[in-house]
Amino acid sequence: MNGQLSDLLGRAERVLERLERLFPHNPAISWKETFAATWSHQSSGGGFHAVAELDPIKLDDLLEIDRQREAVVQNTAQFCAGLPANNVLLWGARGTGKSSLIHAVVNEFSEKGLRLVEVDKRSLSDIALLAEELQKEPYRFIVVCDDLSFDASDTSFKELKSSLEGTIFATVSNVLIYITSNRRHLVTELAKENQQLQEHDLHSAEAVEEKISLSDRFGLWLSFHPFDQNQYLRVVEHWLGFFAQQCDVACSLDEEVRSNALRWALNRGTRSGRTANHFARAWIGSKSLERLSQMGSSDP
């Protein structure tokens with residue numbers, strides 16, 4: 001009896017999957033008006049969801065990462081021109097501009113037909129299907145997966161690896177993958193594996209090689225590092241000016257602001273572009289609120 005019920009449920013599930021393919025849940029996206037979308041994994045294969053607004057950050061807002069910015073802009077310009085270009089791995093310290101750089105590049109090249117599709121780790125198994133879907137469109141697509149990493153016991157990295165080295169990406173010319181990660185090698189290496197490697201364990205060496213080989217599928221590697229104090233303060237000054245102009249207040253990097261900015265970074269444990277942006281938001285916001293309160297108290 002249990003076997004018959006299990007068989008019946010299995011048949012019902014397969015029927016539902018066929019119906020989902022015939023009647024997709026997600027409306028078709030007009031890539032002419034949509035510059036960015038997310039891809040969600042579904043039993044029927046996945047679907048796109050339009051993103052109403054992309055982060056409006058510009059390339060000029062990204063300071064102290066000139067080398068990385070120039071490399072990504074050059075690679076993306078080649079891609080948009082229909083020339084050979086590489087998949088990109090941006091790795092390094094948190095908050096140093098990896099994701100912001102990708103968004104800024106899409107903003108820069110959107111008028112030239114560049115579009116962005118964000119996927120999460122769980123949806124990487126759909127990467128080949130996604131590429132086939134995008135191949136039909138007359139646009140160029142950067143598929144982005146943010147903060148990607150794999151635990152030592154997680155073998156799902158093989159799906160991404162096989163997609164990158166498979167026939168799909170050899171034939172799809174309008175899709176590139178840009179990955180951000182805190183790690184240069186996306187898969188965690190265990191200390192015992194390195195110890196076994198030093199002891200000339202052939203099989204351990206092969207396991208380590210397989211994990212490292214995923215990163216090798218990306219033609220362009222770019223490293224991002226925490227800022228030194230002077231770099232951090234220059235970025236603070238930029239964002240102070242940006243938010244001060246928005247709020248129509250006067251602000252300069254005087255000794256008081258400088259001390260508070262350094263204390264803010266010390267409390268966060270890192271000097272980065274994100275830390276500088278957060279401090280500037282908090283500082284300019286508080287000064288603007290003070291000014292509004294003073295204006296309110298002076299009203300008759």
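**Exercise 1. Find the bridge partner of Glu 118 in β5, then describe the pairing around strand β4.**

Step 1. Glu 118 is bridged to Val 144 in β5. Helices (H or I, at least four residues) and strands (E, at least two) are DSSP runs, numbered from the N terminus. The model is predicted, so local features need pLDDT of at least 70 and side-chain atom pairs count only at pLDDT 80 or more, while totals for chains, interfaces and linings use all residues. Residues are numbered from 1 along each chain as its sequence is written, and side-chain values use heavy atoms, with hydrogens and water left out.

Step 2. Strand β5 (residues 140-145) pairs with β4 in the parallel sense over 5 bridges. Two strands pair if DSSP finds at least two bridges between them.

Step 3. β4 is also joined to strand β1 (residues 36-40), parallel to it, by 3 bridges. Here Ala 36 stands opposite Leu 116 of β4.

Step 4. Why is strand β4 largely enclosed by the rest of the structure? Of its 5 residues (114-118), 4 are buried, so the strand is largely enclosed. Buried means under 20% relative accessible area, exposed over 50%, partly exposed in between (1.4 Å probe, protein chains only).

**Exercise 2. Give the order of the strands in the sheet and name those at its edges.**

Step 1. The open sheet has 7 strands in the order β2-β1-β4-β5-β6-β3-β7, with mixed pairing.

Step 2. β2 (47-50) and β7 (220-224) are the edge strands; each has a single partner strand, so one side of each is left without a neighbour in the sheet.

Step 3. From one strand to the next the twist averages 25 degrees.

Step 4. Within this order, strand β3 (residues 88-92) pairs with strand β6 (residues 175-181) in the parallel sense over 4 bridges. Val 88 stands opposite Tyr 178 in β6.

**Exercise 3. State which strands helices α2 and α4 touch.**

Step 1. Helix α2 (residues 66-80) lies across β3, β4, β5, β6 and β7, and runs at about 150 degrees to β7. Axes are lines fitted to C-alpha atoms, for helices over the stretch in contact, and angles run from 0 to 180 degrees between N-to-C directions. Contact means heavy atoms within 4.5 Å.

Step 2. α4 packs on the sheet and touches β1, β2, β4, β5 and β6, its direction making about 160 degrees with that of β5.

**Exercise 4. Describe the surroundings of Val 143 and Thr 180.**

Step 1. Val 143 is in strand β5. With 2% relative accessibility, Val 143 counts as buried.

Step 2. Leaving aside neighbours within four places in sequence, the contacts of Val 143 include Val 117, Leu 130, Val 175 and Tyr 178. The C-alpha atoms of Val 143 and Val 175 are 7.0 Å apart, although 32 residues separate them along the chain.

Step 3. Thr 180 is in strand β6. Is Thr 180 buried or exposed? Its relative accessibility is 0%, so Thr 180 counts as buried.

Step 4. The side chains of Thr 180 and Asp 146 are joined by a polar contact of 2.6 Å. A polar contact is a pair of N or O atoms within 3.5 Å; within protein, one must be able to donate a hydrogen and the other to accept it, and residues adjacent in sequence count only if both atoms are side-chain atoms.

Step 5. Not counting residues up to four places away in sequence, Thr 180 also touches others, including Leu 90, Lys 98 and Cys 145.
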